[in-house]
Amino acid sequence: MPEPQLIVVMGVSGSGKTTLAEGLSQRLHWAFQEGDSLHPAANVEKMSRGEPLTDEDRWPWLDALGGWLDERARAGTSAVLTCSALRRSYRDRLRDGRPGVRFCHVVAPADAIRDRVESRRGHYMPASLLPSQLATLESLEPDEPGVTVCAEGDPEAVLDDALRRLGLSSGEVSV
Ligand SMILES: Nc1ncnc2c1ncn2[C@@H]1O[C@H](COP(=O)(O)OP(=O)(O)OP(=O)(O)O)[C@@H](O)[C@H]1O
Ligand SMILES: [Mg+2]
């Protein structure tokens, strides 16, 4: 039986993580988790006030995400998780003890992200956080497992590109 695959779809708010991760999970029939849904309530309140989170706020959240990945792996189920994972240290925390985790970094031009976030409704992440997110972002380093996908154009084409880069194009046996 193949090892379950664990993909963390990362990137700044509004880059297109949820859109791509949902597409991956539907196409591959993998488990899906919105990482933001596992934030402690205090973090959600802070973000809705437009306040950036501190690292102290983030560690328990990242550990909850890691716990979710561990449960999927124990169940033998491949899975896709969204998590901004902007800093190398956050990604290292997610990978710690989980050698199968790979990242899919979603990138898009800043103007496009701003337009997307401003026109989005029913979402607690205000566009005012974008500059600090971009300043915080540390792109994937060569020794980190993962790929980078540009989320410009038709979301279905972005999904196909991500699948190809991840080596998961249609036809691949999925767990
Ligand atoms: N390829 C694309 N082309 C055009 N619009 C897109 C594309 N991908 C996503 N969007 C739109 O951009 C907005 C942000 O996308 P999405 O919610 O997937 O981003 P996100 O990275 O999950 O953001 P957050 O971190 O705030 O949850 C949504 O309204 C989505 O429909
Ligand atoms: Mg999202």
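Trainee: What pattern does the protein chain follow, read along the sequence?

Mentor: Read along the sequence, the protein chain of this predicted model follows the pattern β-α-β-α-α-β-α-β-α-α-β-α, and there are 7 helices and 5 strands in it.

Trainee: And what radius of gyration does the protein chain have, next to that of a compact globule?

Mentor: The protein chain has 15 Å, which agrees with a compact globule, because for 175 residues such a globule would have a radius of gyration near 16 Å. Along its principal axes the C-alpha trace spans about 45 × 35 × 30 Å, and buried residues make up 33% of the 175 residues.

Trainee: Which residues have the most contacts inside the largest nonpolar core?

Mentor: Those are Val8, Val9, Leu20 and Leu24, in a core that has 34 residues. The elements that give two or more residues to this core are strand E1 (6-10), H1, helix H3 (55-75), strand E3 (79-82), helix H4 (88-95), strand E4 (101-107) and H7, and the largest share, 5 residues, comes from E1. As a general point, nonpolar side chains tend to be buried together in soluble globular proteins.

Trainee: Let's pick one of them: what is leucine 20 in contact with?

Mentor: If we leave aside its neighbours within four places in sequence, leucine 20 is in contact with Val9, Val106, Val149, Ala151, Val158, Leu159 and Ala162.

Trainee: Which residues are buried in H7?

Mentor: In H7 the residues Val158, Leu159, Ala162 and Leu163 are buried. They sit on the same side of H7, because they cover an arc of only 135° around the axis. An α-helix has 3.6 residues a turn, so residues three or four places apart point the same way. What covers the buried residues of H7 includes H1, E4 and strand E5 (146-150).

Trainee: Where is histidine 29, and is it buried or exposed?

Mentor: Histidine 29 is in the loop between H1 and strand E2 (31-34), and it is exposed, because 10 other C-beta atoms lie within 10 Å, where 12 or fewer count as exposed. Although histidine 29 is not a glycine, it has a positive phi of about 60°.

Trainee: What about alanine 85, buried or exposed?

Mentor: Alanine 85 counts as buried, because it has 29 C-beta neighbours inside 10 Å. Alanine 85 lies in the loop between E3 and H4, and its phi is near 45°, a positive value in a residue other than glycine.

Trainee: Changing topic to ligand 1, which residues come nearest?

Mentor: Of the 19 residues around ligand 1, Gly16, Lys17, Thr18, Thr19 and Arg116 come nearest. The elements that give two or more residues to this shell are helix H1 (17-28) and helix H7 (155-165), and H1 gives the most, with 3 residues.

Trainee: How many nonpolar, polar and charged residues are in that shell around ligand 1?

Mentor: By class, the shell around ligand 1 has 4 nonpolar, 11 polar and 4 charged residues.

Conventions:
Residues are numbered from 1 along each chain as its sequence is written. Chains are lettered from A and ligands numbered from 1 in the order in which they are written. This is a predicted model: local features need pLDDT of at least 70, side-chain atom pairs count only at pLDDT 80 or more; totals for chains, interfaces and linings use all residues. A residue is near a molecule or strand if its C-beta atom, placed from the backbone, lies within 6 Å of it. Helices (H or I, at least four residues) and strands (E, at least two) are DSSP runs, numbered from the N terminus. Ala, Val, Leu, Ile, Met, Phe, Trp, Tyr, Cys and Pro count as nonpolar, Asp, Glu, Lys and Arg as charged, and the others, Gly among them, as polar. A nonpolar core is a set of buried Ala, Val, Leu, Ile, Met, Phe, Trp, Tyr and Cys residues joined through C-beta atoms within 7 Å. A residue is buried if 20 or more other C-beta atoms lie within 10 Å of its own, exposed if 12 or fewer, and partly exposed in between; C-beta atoms are placed from the backbone. Two residues are in contact if their C-beta atoms, placed from the backbone, lie within 7 Å. The arc is that of the directions from the helix axis to the C-beta atoms. The radius of gyration is taken over C-alpha atoms; the globule rule is 2.2 Å times the number of residues to the power 0.38.
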